Amino acid sequence: MSSQQGPHDAVFRRILGEPANAATQLRATLPATMVARLDLDQLARVSGSFVDASLRWRHSDLLFTVPVDGHEAFIYILVEHQSSADPLMPFRMLRYVVQIWDRYLAGHPGVTRLPAVIPLVVHHNRNPWTGPTDVLDLLDVDSDIADAARENLPRFRFLLDDLAVLDEQALRSRPLTPPARMTLLLLKIAAGNARLADDLRPWTDELRAILERSGGIDDFIALLTYIETVGEAPVDELHDLFAQLGPDAEEAYVTTADMLRAEGRTKGRAEGRAEALIQQLTLKFGPLPQTALDAIHAASTEQLEIWTARVLTADTLDQVLH
(Lines give C-alpha, C1' and ligand atoms only; values in the text may rest on other atoms or scores of the structure.)
Protein backbone atom coordinates (compact mmCIF):
# COMPACT_ATOMS: atom_id res chain seq x y z
CA MET A 1 0.00 0.00 0.00
CA SER A 2 1.12 3.52 -0.70
CA SER A 3 2.50 5.38 2.29
CA GLN A 4 0.45 8.40 1.32
CA GLN A 5 -3.00 7.94 2.81
CA GLY A 6 -5.93 10.07 1.78
CA PRO A 7 -8.21 11.33 4.54
CA HIS A 8 -10.99 8.79 3.81
CA ASP A 9 -8.49 5.95 3.72
CA ALA A 10 -6.82 7.04 6.96
CA VAL A 11 -9.97 7.25 9.08
CA PHE A 12 -11.52 4.12 7.55
CA ARG A 13 -8.46 2.00 8.19
CA ARG A 14 -7.89 3.48 11.66
CA ILE A 15 -11.43 2.93 12.96
CA LEU A 16 -12.87 0.06 10.91
CA GLY A 17 -9.48 -1.65 10.91
CA GLU A 18 -10.02 -2.33 14.61
CA PRO A 19 -11.71 -5.79 14.75
CA ALA A 20 -14.10 -4.80 17.56
CA ASN A 21 -15.42 -1.91 15.45
CA ALA A 22 -15.45 -3.89 12.21
CA ALA A 23 -17.34 -6.76 13.83
CA THR A 24 -20.26 -4.48 14.72
CA GLN A 25 -20.41 -3.16 11.15
CA LEU A 26 -20.39 -6.70 9.79
CA ARG A 27 -23.12 -7.85 12.16
CA ALA A 28 -25.23 -4.94 10.93
CA THR A 29 -24.70 -5.46 7.20
CA LEU A 30 -24.10 -9.15 6.47
CA PRO A 31 -27.10 -11.48 6.09
CA ALA A 32 -28.31 -12.76 9.45
CA THR A 33 -27.92 -16.41 8.40
CA MET A 34 -24.28 -15.71 7.56
CA VAL A 35 -23.61 -13.79 10.79
CA ALA A 36 -25.01 -16.71 12.80
CA ARG A 37 -22.26 -18.97 11.44
CA LEU A 38 -19.37 -16.50 11.67
CA ASP A 39 -17.42 -16.21 14.93
CA LEU A 40 -17.02 -12.46 14.69
CA ASP A 41 -15.64 -12.32 18.22
CA GLN A 42 -12.52 -13.93 16.70
CA LEU A 43 -12.26 -11.46 13.82
CA ALA A 44 -8.60 -10.66 13.11
CA ARG A 45 -7.15 -8.14 10.70
CA VAL A 46 -4.73 -9.18 7.96
CA SER A 47 -2.16 -6.61 6.90
CA GLY A 48 -1.84 -5.24 3.38
CA SER A 49 -3.99 -3.88 0.59
CA PHE A 50 -5.14 -5.41 -2.70
CA VAL A 51 -6.36 -2.23 -4.40
CA ASP A 52 -4.74 -1.31 -7.71
CA ALA A 53 -2.25 1.52 -7.22
CA SER A 54 -4.09 3.67 -9.75
CA LEU A 55 -7.34 3.38 -7.77
CA ARG A 56 -6.10 4.06 -4.25
CA TRP A 57 -7.39 7.64 -4.41
CA ARG A 58 -10.95 6.28 -4.62
CA HIS A 59 -10.83 2.86 -2.92
CA SER A 60 -9.69 1.69 0.51
CA ASP A 61 -9.74 -1.91 1.69
CA LEU A 62 -9.41 -4.13 4.74
CA LEU A 63 -9.03 -7.89 5.01
CA PHE A 64 -9.97 -9.98 8.04
CA THR A 65 -9.89 -13.65 8.94
CA VAL A 66 -12.85 -15.18 10.75
CA PRO A 67 -13.70 -18.74 11.83
CA VAL A 68 -16.83 -20.22 10.25
CA ASP A 69 -18.00 -23.69 11.28
CA GLY A 70 -14.47 -24.62 12.28
CA HIS A 71 -12.87 -23.41 9.05
CA GLU A 72 -10.87 -20.29 8.28
CA ALA A 73 -12.61 -17.73 6.07
CA PHE A 74 -11.86 -14.18 4.98
CA ILE A 75 -13.96 -11.05 4.93
CA TYR A 76 -12.84 -8.42 2.44
CA ILE A 77 -14.21 -4.89 2.87
CA LEU A 78 -13.70 -2.23 0.23
CA VAL A 79 -14.84 1.37 0.57
CA GLU A 80 -15.81 3.29 -2.57
CA HIS A 81 -15.05 6.99 -1.93
CA GLN A 82 -16.57 8.54 -5.06
CA SER A 83 -20.15 9.59 -5.72
CA SER A 84 -20.22 7.87 -9.11
CA ALA A 85 -20.43 4.09 -8.94
CA ASP A 86 -17.54 2.18 -10.50
CA PRO A 87 -19.18 0.31 -13.42
CA LEU A 88 -16.48 -2.40 -13.25
CA MET A 89 -16.65 -2.91 -9.48
CA PRO A 90 -17.77 -6.59 -9.69
CA PHE A 91 -14.75 -7.34 -11.88
CA ARG A 92 -12.39 -5.41 -9.60
CA MET A 93 -13.72 -7.17 -6.51
CA LEU A 94 -13.33 -10.54 -8.24
CA ARG A 95 -9.71 -9.68 -9.05
CA TYR A 96 -9.05 -8.72 -5.43
CA VAL A 97 -10.61 -11.97 -4.18
CA VAL A 98 -8.41 -13.95 -6.60
CA GLN A 99 -5.38 -12.07 -5.24
CA ILE A 100 -6.40 -13.05 -1.71
CA TRP A 101 -6.59 -16.68 -2.81
CA ASP A 102 -3.22 -16.41 -4.58
CA ARG A 103 -1.61 -15.10 -1.40
CA TYR A 104 -3.29 -17.84 0.63
CA LEU A 105 -2.02 -20.56 -1.72
CA ALA A 106 1.50 -19.12 -1.59
CA GLY A 107 1.43 -19.50 2.18
CA HIS A 108 -0.27 -22.91 2.16
CA PRO A 109 1.44 -24.99 -0.54
CA GLY A 110 -0.25 -28.27 -1.32
CA VAL A 111 -3.78 -27.32 -0.23
CA THR A 112 -6.54 -28.23 -2.67
CA ARG A 113 -9.43 -26.20 -1.25
CA LEU A 114 -9.81 -22.44 -1.01
CA PRO A 115 -11.10 -20.51 1.99
CA ALA A 116 -14.34 -18.62 1.58
CA VAL A 117 -13.92 -14.89 0.93
CA ILE A 118 -16.95 -12.73 1.78
CA PRO A 119 -16.83 -9.49 -0.26
CA LEU A 120 -18.45 -6.28 1.04
CA VAL A 121 -18.41 -2.88 -0.65
CA VAL A 122 -19.23 0.19 1.48
CA HIS A 123 -20.27 3.11 -0.72
CA HIS A 124 -20.48 6.63 0.66
CA ASN A 125 -21.07 10.12 -0.66
CA ARG A 126 -24.09 11.98 -1.93
CA ASN A 127 -25.39 9.79 -4.74
CA PRO A 128 -26.80 6.26 -4.27
CA TRP A 129 -25.03 3.32 -5.86
CA THR A 130 -26.27 2.71 -9.40
CA GLY A 131 -23.67 0.29 -10.71
CA PRO A 132 -23.81 -3.51 -11.05
CA THR A 133 -23.00 -5.83 -8.18
CA ASP A 134 -22.60 -9.08 -10.17
CA VAL A 135 -19.98 -10.02 -12.75
CA LEU A 136 -22.75 -11.57 -14.85
CA ASP A 137 -24.17 -8.09 -15.40
CA LEU A 138 -20.89 -7.01 -17.02
CA LEU A 139 -20.89 -9.66 -19.72
CA ASP A 140 -21.61 -8.37 -23.22
CA VAL A 141 -24.25 -10.95 -24.12
CA ASP A 142 -28.00 -10.77 -24.66
CA SER A 143 -30.13 -11.61 -21.66
CA ASP A 144 -31.60 -14.69 -23.34
CA ILE A 145 -28.10 -16.05 -24.02
CA ALA A 146 -27.09 -15.26 -20.45
CA ASP A 147 -30.14 -17.16 -19.17
CA ALA A 148 -29.44 -20.14 -21.43
CA ALA A 149 -25.78 -20.35 -20.45
CA ARG A 150 -26.18 -19.19 -16.84
CA GLU A 151 -24.59 -22.32 -15.37
CA ASN A 152 -21.53 -21.90 -17.57
CA LEU A 153 -20.95 -18.16 -17.15
CA PRO A 154 -18.94 -16.69 -14.26
CA ARG A 155 -21.01 -15.57 -11.31
CA PHE A 156 -19.67 -13.33 -8.56
CA ARG A 157 -21.79 -10.95 -6.51
CA PHE A 158 -20.55 -8.68 -3.75
CA LEU A 159 -22.55 -7.42 -0.78
CA LEU A 160 -23.26 -3.68 -0.77
CA ASP A 161 -23.70 -1.26 2.12
CA ASP A 162 -24.82 1.98 0.46
CA LEU A 163 -24.50 4.78 2.99
CA ALA A 164 -26.10 7.21 0.54
CA VAL A 165 -29.49 5.55 1.11
CA LEU A 166 -28.99 4.99 4.84
CA ASP A 167 -30.82 7.70 6.75
CA GLU A 168 -29.48 8.91 10.07
CA GLN A 169 -32.22 7.19 12.10
CA ALA A 170 -31.31 3.87 10.52
CA LEU A 171 -27.65 4.54 11.26
CA ARG A 172 -28.53 5.25 14.90
CA SER A 173 -30.42 1.98 15.14
CA ARG A 174 -27.48 -0.11 13.94
CA PRO A 175 -25.77 -1.94 16.85
CA LEU A 176 -22.40 -0.30 16.19
CA THR A 177 -19.63 0.87 18.46
CA PRO A 178 -19.59 4.68 18.78
CA PRO A 179 -16.35 5.00 16.74
CA ALA A 180 -17.77 2.85 13.94
CA ARG A 181 -21.06 4.77 13.91
CA MET A 182 -19.36 8.17 13.78
CA THR A 183 -16.96 7.01 11.08
CA LEU A 184 -19.84 5.92 8.84
CA LEU A 185 -21.69 9.17 9.57
CA LEU A 186 -18.66 11.31 8.71
CA LEU A 187 -17.95 9.33 5.55
CA LYS A 188 -21.55 10.06 4.62
CA ILE A 189 -21.81 13.79 5.44
CA ALA A 190 -18.44 15.41 6.13
CA ALA A 191 -16.74 16.04 2.78
CA GLY A 192 -17.14 19.66 1.68
CA ASN A 193 -19.82 20.28 4.31
CA ALA A 194 -19.87 23.89 5.53
CA ARG A 195 -22.68 23.06 8.00
CA LEU A 196 -20.88 20.13 9.55
CA ALA A 197 -20.79 21.62 13.06
CA ASP A 198 -24.59 21.98 13.05
CA ASP A 199 -25.04 18.53 11.54
CA LEU A 200 -22.93 16.99 14.30
CA ARG A 201 -24.77 18.58 17.22
CA PRO A 202 -27.41 15.80 17.37
CA TRP A 203 -24.54 13.31 17.67
CA THR A 204 -22.77 14.75 20.71
CA ASP A 205 -23.84 11.71 22.75
CA GLU A 206 -21.88 9.46 20.40
CA LEU A 207 -18.87 11.78 20.47
CA ARG A 208 -18.88 11.75 24.28
CA ALA A 209 -19.18 7.97 24.25
CA ILE A 210 -16.02 7.75 22.16
CA LEU A 211 -14.11 9.90 24.65
CA GLU A 212 -15.32 7.75 27.55
CA ARG A 213 -14.03 4.52 25.99
CA SER A 214 -10.66 3.12 27.00
CA GLY A 215 -8.18 4.61 24.55
CA GLY A 216 -11.00 6.58 22.98
CA ILE A 217 -9.00 9.79 22.75
CA ASP A 218 -6.97 8.33 19.87
CA ASP A 219 -10.12 7.45 17.93
CA PHE A 220 -11.54 10.88 18.75
CA ILE A 221 -8.42 12.59 17.37
CA ALA A 222 -8.61 10.45 14.21
CA LEU A 223 -12.19 11.64 13.66
CA LEU A 224 -11.21 15.25 14.42
CA THR A 225 -8.42 15.01 11.86
CA TYR A 226 -10.89 13.77 9.26
CA ILE A 227 -13.37 16.53 10.10
CA GLU A 228 -10.70 19.21 9.82
CA THR A 229 -9.29 17.75 6.61
CA VAL A 230 -12.39 17.21 4.46
CA GLY A 231 -15.03 19.43 6.07
CA GLU A 232 -15.62 23.10 5.35
CA ALA A 233 -17.21 24.21 8.63
CA PRO A 234 -15.84 27.43 10.16
CA VAL A 235 -13.22 26.83 12.83
CA ASP A 236 -15.10 28.83 15.47
CA GLU A 237 -18.24 26.73 15.00
CA LEU A 238 -16.31 23.48 15.38
CA HIS A 239 -14.48 24.90 18.39
CA ASP A 240 -17.79 25.77 20.06
CA LEU A 241 -19.18 22.31 19.29
CA PHE A 242 -16.28 20.44 20.85
CA ALA A 243 -15.98 22.86 23.77
CA GLN A 244 -19.53 21.81 24.71
CA LEU A 245 -18.28 18.25 25.09
CA GLY A 246 -15.88 19.22 27.87
CA PRO A 247 -12.27 20.29 28.37
CA ASP A 248 -10.75 17.05 27.04
CA ALA A 249 -12.66 17.35 23.75
CA GLU A 250 -11.86 21.05 23.43
CA GLU A 251 -8.18 20.47 24.08
CA ALA A 252 -8.10 17.62 21.57
CA TYR A 253 -9.74 19.79 18.94
CA VAL A 254 -7.47 22.79 19.48
CA THR A 255 -4.35 20.61 19.50
CA THR A 256 -5.44 18.71 16.37
CA ALA A 257 -6.40 21.86 14.49
CA ASP A 258 -3.14 23.59 15.42
CA MET A 259 -1.13 20.54 14.43
CA LEU A 260 -2.81 20.33 11.04
CA ARG A 261 -2.22 23.99 10.41
CA ALA A 262 1.40 23.69 11.52
CA GLU A 263 1.95 20.72 9.21
CA GLY A 264 0.07 22.45 6.45
CA ARG A 265 -3.31 21.00 5.67
CA THR A 266 -3.27 22.28 2.10
CA LYS A 267 -2.96 18.76 0.75
CA GLY A 268 -5.91 17.47 2.74
CA ARG A 269 -8.02 20.48 1.79
CA ALA A 270 -7.10 19.97 -1.85
CA GLU A 271 -8.28 16.37 -1.67
CA GLY A 272 -11.56 17.44 -0.09
CA ARG A 273 -12.01 20.20 -2.67
CA ALA A 274 -11.15 17.78 -5.46
CA GLU A 275 -13.84 15.35 -4.35
CA ALA A 276 -16.40 18.13 -3.94
CA LEU A 277 -15.57 19.39 -7.44
CA ILE A 278 -15.90 15.87 -8.88
CA GLN A 279 -19.33 15.57 -7.25
CA GLN A 280 -20.46 18.89 -8.75
CA LEU A 281 -19.12 18.08 -12.21
CA THR A 282 -20.64 14.60 -12.18
CA LEU A 283 -24.04 15.95 -11.22
CA LYS A 284 -23.90 18.50 -14.04
CA PHE A 285 -22.12 16.63 -16.84
CA GLY A 286 -22.43 12.95 -15.92
CA PRO A 287 -19.59 10.48 -15.25
CA LEU A 288 -16.20 12.08 -15.80
CA PRO A 289 -13.50 10.67 -18.10
CA GLN A 290 -10.36 9.38 -16.44
CA THR A 291 -8.31 12.23 -17.90
CA ALA A 292 -10.51 14.75 -16.09
CA LEU A 293 -10.30 12.82 -12.81
CA ASP A 294 -6.52 12.65 -13.08
CA ALA A 295 -6.30 16.40 -13.78
CA ILE A 296 -8.48 17.24 -10.79
CA HIS A 297 -6.51 15.07 -8.38
CA ALA A 298 -3.23 16.55 -9.60
CA ALA A 299 -4.41 20.17 -9.34
CA SER A 300 -3.36 22.68 -6.71
CA THR A 301 -5.82 24.16 -4.24
CA GLU A 302 -5.76 27.44 -6.14
CA GLN A 303 -6.57 25.69 -9.43
CA LEU A 304 -9.39 23.74 -7.81
CA GLU A 305 -10.89 26.98 -6.51
CA ILE A 306 -10.79 28.46 -10.03
CA TRP A 307 -12.46 25.41 -11.55
CA THR A 308 -15.09 25.26 -8.81
CA ALA A 309 -16.03 28.87 -9.48
CA ARG A 310 -16.63 28.02 -13.14
CA VAL A 311 -19.02 25.12 -12.56
CA LEU A 312 -22.22 27.17 -12.30
CA THR A 313 -21.69 29.13 -15.53
CA ALA A 314 -19.97 26.51 -17.72
CA ASP A 315 -21.92 24.65 -20.38
CA THR A 316 -19.32 21.94 -20.97
CA LEU A 317 -16.70 20.10 -18.96
CA ASP A 318 -13.96 21.61 -21.12
CA GLN A 319 -15.08 25.12 -20.18
CA VAL A 320 -14.47 24.24 -16.53
CA LEU A 321 -11.11 22.53 -16.87
CA HIS A 322 -9.46 24.48 -19.69
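In this predicted model, helix α1 passes helix α7 in a left-handed crossing. Helix α1 spans residues 7–15, and helix α7 covers residues 178–189. The two pack at an angle of about 160 degrees. Their axes lie 10 Å apart. Angles over 145 degrees count as roughly antiparallel, so α1 is roughly antiparallel to α7.

The residues that form this packing were identified on both helices. From α1, the contact involves H8, V11 and I15. These meet P179, A180, T183 and L187 of α7. By class, the contact of α1 with α7 comprises 5 nonpolar and 2 polar residues. No charged residues take part in it.

N21 belongs to helix α2, which runs over residues 19–29. N21 has a relative accessible area of 2%. This value is under 20%, so N21 is classed as buried. Neighbours within four places in sequence were set aside when its contacts were listed. N21 then touches I15, L16, T177, P179, A180 and R213. Among these contacts of N21 are I15, P179 and A180, which also take part in the contact between α1 and α7.

D199 sits in helix α8, residues 196–200. Its relative accessible area is 26%. D199 is therefore partly exposed, whereas N21 is buried. Not counting residues up to four places away in sequence, D199 touches I189 and N193. I189 falls within helix α7, residues 178–189. D199 and I210 are 11 residues apart along the chain. Their C-alpha atoms are separated by 18 Å.

Methods:
Residues numbered from 1 in each chain as written. Predicted model: local features only at pLDDT ≥ 70, side-chain atom pairs only at ≥ 80, totals over all residues. Heavy atoms only, no water. Axes fitted to C-alpha atoms, helices over the stretch in contact; angles between N-to-C directions. Helix = DSSP H or I, 4+ residues; strand = E, 2+ residues; numbered from the N terminus. Parallel < 35°, antiparallel > 145°, perpendicular 65-115°, else oblique. Left-handed = near helix turned anticlockwise from the far one by under 90°. Contact = heavy atoms within 4.5 Å. Nonpolar A, V, L, I, M, F, W, Y, C, P; charged D, E, K, R; others polar. Buried < 20%, exposed > 50% of the residue type's maximum accessible area, 1.4 Å probe, protein only.
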